[in-house]
Structure formats: C-alpha cells, structure tokens
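Hi,

Here is the model I promised to pass on.

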Amino acid sequence: MATKKAMLIDIKRCIGCLSCETACKQLHGFSPEPEPTLSDTAFTVVETRGDKFVRKICMHCNDPACASACPVAAISKSAPGPVLYNADKCIGCRYCMLACPYSVPRYQWSKLAPFVKKCDLCSERIKAGGQPACTEACPVQASVFGNRDDLIAEAWNRIRGDSSYVPHIYGLEEAGGGSVFFVSDVPFEKLGFKPAPTGNLPVPTLTASALGDSPKVVIMGGTILSALYWVTQRRREVALAEAEEKTAISKMKGERS
Amino acid sequence: MLTRIKSEITLWRVITAIIFVTGIYATYLRFFVGFRASTNLSDQMPWGLWVGLGTLCGIGLSAAGFGISAAVYLLNMERYRPILRASILISFLGYMTVCVGYLYEIGLPWRFWHPIVMWNHRSVLFDVCVCIMTYTAVLTFEFAPAVIEKLPWKHLRETVLHFHHKILVGIVLAGVLLSSMHQSYLGGLYLIARGKVHPLWYSQYMHAMFYLSAIPAGLALTVMAIYLSMRSLNVRVDFSILSDCGRMIQLLLIVFAFFKALDLTANQAWGYAFQRTSEAAYFWLEMLLFAAIPIFLLSYDRVRSHPERLYWACATVVAGFMVSRLNVSINALQSAMGTHYVPKWTELASSVLVIAAAVIVFRYAVMYLDILPKLPKGPKGFTRWMSNSSLPAHA
C-alpha cells in the first residue's frame, strides 16, 4: 500500500499572494484571473476573512460523502489520499455536489457535455513522486505537502512551538478526517469553517442506517404481505365453499319438498 | 369553413398548444444549448425544479398504483377493483414522466444506462435509480393486459394473459416492496445533506416522512383523475368508492401529521416554525394545504360524498404535497447554500410539457382501452353518476 500523503495549510503563515491559485490554474490551462469562489475553472481559491487568508479546496475526506453518494461509483478515495473523479463513469446527476459537506464539487454549467470539476490533489504528479502545483508554488510554506503522518507531526510542532496557534487541526478528525488539514491562529469558526454536520463521524454514516434497514424491511414486509395474501385467499376460498354448500343444501331441500 | 375552424379552437386546445410550443422550445434549449440557457441551476443549487417537481412529485403522486394493487390483489379488497386499472395507469404514466425527466436532469443523458451496470450500493440515488427502473417494468407488466386484450390475435392473447395471471400476484408483491423502498429513499436522498437541509425538514427519519406523505397524495391524484374522466369522458365508477378513498386519504394525512409533529418534537425543531423566516412561512403553507385543510374538509360527509367538493379537497392535498416536496428540494436548502433560486421558465415549461403529454395519453387510454367502466350509450351528464350506482363492476 502506498504511503498516505496529505496537505497542511497554515493560515497564520499565508500571505494571500495567490501563488497557489495561479499555479493551479496554470497547470490546468485555465485563464489566470483569480476567482471569488471555487468554480469549474478554480479548484482552489484564497478567500479573505478579515486580515486572514483562507484557502478553499477539496478536503479529500477519508470516507467521502461524494463517493458514497455517487450512483455510478465515479468518485473514489485512492490509497495515497486523493479523492478521484472518473469522468468516464459520471452521468452528471450532481448528487455529489449536494452530498459534499463542504460544497466543493463544481459543475460545468455552460458546456453541452458537462462534467464535475474539483481538485484531485494533483494525483498524477504525486504518483510520479512529485507534489501538487499549489504547494510547490507556495513561497512561505503555508501550504505544504508530504507524508500524512509527518505532516500531522509538523502541524502539532507548529502549534506547540507558537502559542498564538489555536490548538486544533481542522480536517484531521472532522467528518472522519481527510488528506487536507488546516492550522490557524484565529479560531476556525471565525474564519467561516463550519463544524462538520456529523462531528467526527464520516458523513456517509447518515445514510448507512436507512440503507441498512432496507433488507430487513423487505424481508419483513414481504413476509407480512404474503401472510396477509394467504389469509385473505383462504377466507375467500372458505366463503366460496360455504356458499356452494348452502346452495347444494337448499337445492336438496327443494328436491325433497 | 372559417366558423368550423373557429369552433374547433377551445380554451383547452389553446392552452395545450402553448404548453407544447413553449415546452418543445425549452427542450431544444436544454439539449442543444445547455444548462445555462435552460436552467437557473448553479453550484449552490445543483438540484432544482426538475428534481423537486419532476422526480419527487412525479414519483410521489404515482404512489396510488402500488397501494390499490396491494389492496385488490393481496388483501382481496374487491371493492377497489373498478379503480385498479386507472390507478395503475396513472402510476405507469407518472413513472414514464420521471424516466423522461431523468434525461433532462442528468448532464450526460446518453449515459442514462450507467447505473444499470456501474453499481454503488452505498448510494441512495443508486438504489432509487434501480428501484424506479425495476418498478417501471413492474407497472408495465401490471398494465399490459389492458393493451394485450385489445390485440386481434386470439390465441396469442389467451396464452399471454394466462401466463400473466399466473405470476401476477408475485409481481404485485415485488412492486409493493419496490415502491415502499424508493418512495422512502427519495427522502433518504437528503439524509446525507445534514447541515444543508433546514431543520424544519431535516430529520433522520426523512425517508419515513416521504413514504407516509406519498400514499395519500397518490390516492388524491387518482381521485382527481377519475373525477375528471367521469366528467369529460364516457366512463363512470360507483362514486362511493371515491368517497371511501377520501376517508382513506384523511386517515393517512392524520397519520402523516401525527408523525411530522412527533418528528419535529424529537428534533426540537418547533422553534424554527415560529421564526419570521421564509422557511417558516413555507412550512405552515405545507401544513395548511397538506394537513390541516384537507383533514378538516374530508371529515365532513358532505364533502366526501359530493364529487366536486371531494375533487377540490383532493386538489388541496395534491397542491400541499407539491409544496411539501418543493420545500425539501428547494426552499429548505437555500439559506444554507447562501443562494436564492427561482426556476427559469424553461425548467417549468419542459416539466409541464412532459406532464401534459402524460395527461393526453391518459385521456386516450381511458377512451380506447378498458380502464374505467364505460357508460352505456344514453343520456350523459354530471348528475347521472350519483343516481345510478348499480353499474356492473368492471372485472
């Protein structure tokens, strides 16, 4: 199994130079103008919150809601970490967009054959032993890439070494954790980070119980309905037989008299 | 000549023409220009009117087919046999509109078959797709005799109908289970969007709420369709059957309202209902139209046993049901997604086109197939149905 990779984003260090955004756009051949929010031509953006800069990017969840929601299994979590989208399978239902707790996936609304677009953590470059374009472009190591375990240690080091950091790594455990996490010197809720809707549980657990019930419901419902059918049929047969008997008796009586 | 043409132009024909012209243009925009030109959907509102009206209402309002067929075939409630075929036809056409609507909804419609071969058993939407596909086949099977019995080849007809009759009960049973599953899974689709769906609607039992609300709505639509058929076409059923349906609808609505109230209490969501928000307003509109008003109206025998009043009570149920589904699919999401979505006219026009096509097929099916008992030739009229209730039941 490949070593797990991850990306650490340090909000304290970020200077808002947009190098990551530009590098990403350049790599994908999009026009370099910065965009206010994620779009089908901006897989990461730098948002300004007060005097802080917050990168928006796919969190590459360990148990992704989008992957569990996709009816044709076009989205999957790869072993090194990136959550990958298989455009050959996608039917364009956009359920992944509804399912994602971070509302990351974007759609090519203006195309006639539209696909879902989101960050893939530069999966191809990682496979070749490199790192994502955004972390490579970061001049101040606010975004760094590496082995997941090393980066978690690095994140804790930064928090321990500087008391201004909030003692929390956002994205490490939220919604079951993922391959992208943040450290910050401003409380995360003030920067627009929402608490995950499921706490530290993976989002797909929300549907697991409803889906898990279905075999039980089918078996129970099937048995009850079959039993009811048998009972009503039996009653009908009995009623028919009784009616026949009655007519036979009355016929006999009629013959006698 | 001119006067003859003039007399052919009726209000409904003009409306139908408008629906077809705008609908076909909207369809052209959807398939040849794209989503931008044909919808107001966005990254913040990826699912809109097509899902809310086309799929959620379309499937929900088609719930009568499995209910009535379970009553007649499985529970031996022969009383409802006269409206069995009509309810199966309504469901069949409803599912057809959903299947056509599915092609509008998905971005790559030529890949509509992907869910058949590319499975993801963890996905609620996958289960919905498979159930709807299978159940559409079941409905086709259940409805097939109405067409087969009109075929001119006697031998083929008898062989097929004999075989059909042999496996019918099993298929009906499967249909009831399939329906129960996907009627609830449509609500289950939104389970994963916790934090996005407004607390007035989000609950871990959303799927159960969808199931409970679909059956009365489907019955109400069936009553409406049969009433309209009796009014405008040469068919008639014993009206007391529809009155009983009215009673059943009321009972089911009370069950729904009870569980909805229970659910809100369990989730401590009542507070949201008394805030000055648009969500609260939509919530009360839903509760009024789908619960309070019809439950009140249908408790009166004067309403239930009067065709026109029963029709309007059922129309309230159907309207309330549509509000309820659009609430979940659009209104409940807007504030969390930070957007305001108003469907583009093209979204509405294409949905209405598909529904209108289904209505037209229903009309001709009732006219030319044995869907509802036909009125013997003679005086027609609105008042006749009440007086003459001893019409032979349709087998």
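Chain A is divided into domain 1 (5-203) and domain 2 (209-257), with bounds that come from an automatic or database domain assignment. The C-alpha centres of domain 1 and domain 2 of chain A lie 61 Å apart.

Before you dig in, some housekeeping: this is a predicted model, where local features need pLDDT of at least 70 and side-chain atom pairs count only at pLDDT 80 or more, while totals for chains, interfaces and linings use all residues. Residues are numbered from 1 along each chain as its sequence is written, and chains are lettered from A and ligands numbered from 1 in the order in which they are written.

Back to chain A. It has seven helices and nine strands (DSSP runs numbered from the N terminus, H or I of at least four residues for helices, E of at least two for strands). Its radius of gyration is 29 Å, well over the 18 Å from the globule rule for 257 residues, so chain A is more spread out than a compact globule. That radius is taken over C-alpha atoms, and the rule is 2.2 Å times the number of residues to the power 0.38. Along the principal axes, the C-alpha atoms of chain A fill a box of roughly 115 × 45 × 40 Å. Buried residues make up 39% of chain A; buried means 20 or more other C-beta atoms within 10 Å of the residue's own, exposed means 12 or fewer, partly exposed is in between, and C-beta atoms are placed from the backbone.

Chain B has 17 helices and zero strands. Its radius of gyration is 22 Å, close to the 21 Å that the rule gives for 395 residues, so chain B is as compact as a globular protein of that length. The C-alpha trace of chain B spans about 60 × 55 × 50 Å along its principal axes, and 47% of its residues are buried.

Where the chains touch, 40 residues come from chain B and 46 residues from chain A (contact means C-beta atoms, placed from the backbone, within 7 Å). Helix 9 of chain B gives the largest share of chain B's side, seven residues. By class, that side of chain B has 24 nonpolar, ten polar and six charged residues. Here Ala, Val, Leu, Ile, Met, Phe, Trp, Tyr, Cys and Pro count as nonpolar, Asp, Glu, Lys and Arg as charged, and the others, Gly among them, as polar.

Helix 15 of chain B bends by about 50° at B:Asn327, and is followed by B:Gly338, whose phi is positive, near 60°.

Last, B:Tyr95, which lies in helix 6 (residues 84-105) of chain B. B:Tyr95 counts as buried because it has 23 C-beta neighbours inside 10 Å. Leaving aside neighbours within four places in sequence, B:Tyr95 is in contact with B:Ser62, B:Ile132, B:Tyr135, B:Thr136 and B:Leu139.

Cheers

Notes: Bend = angle between axes of the 7 residues up to and from the residue. Contact = placed C-beta atoms within 7 Å.
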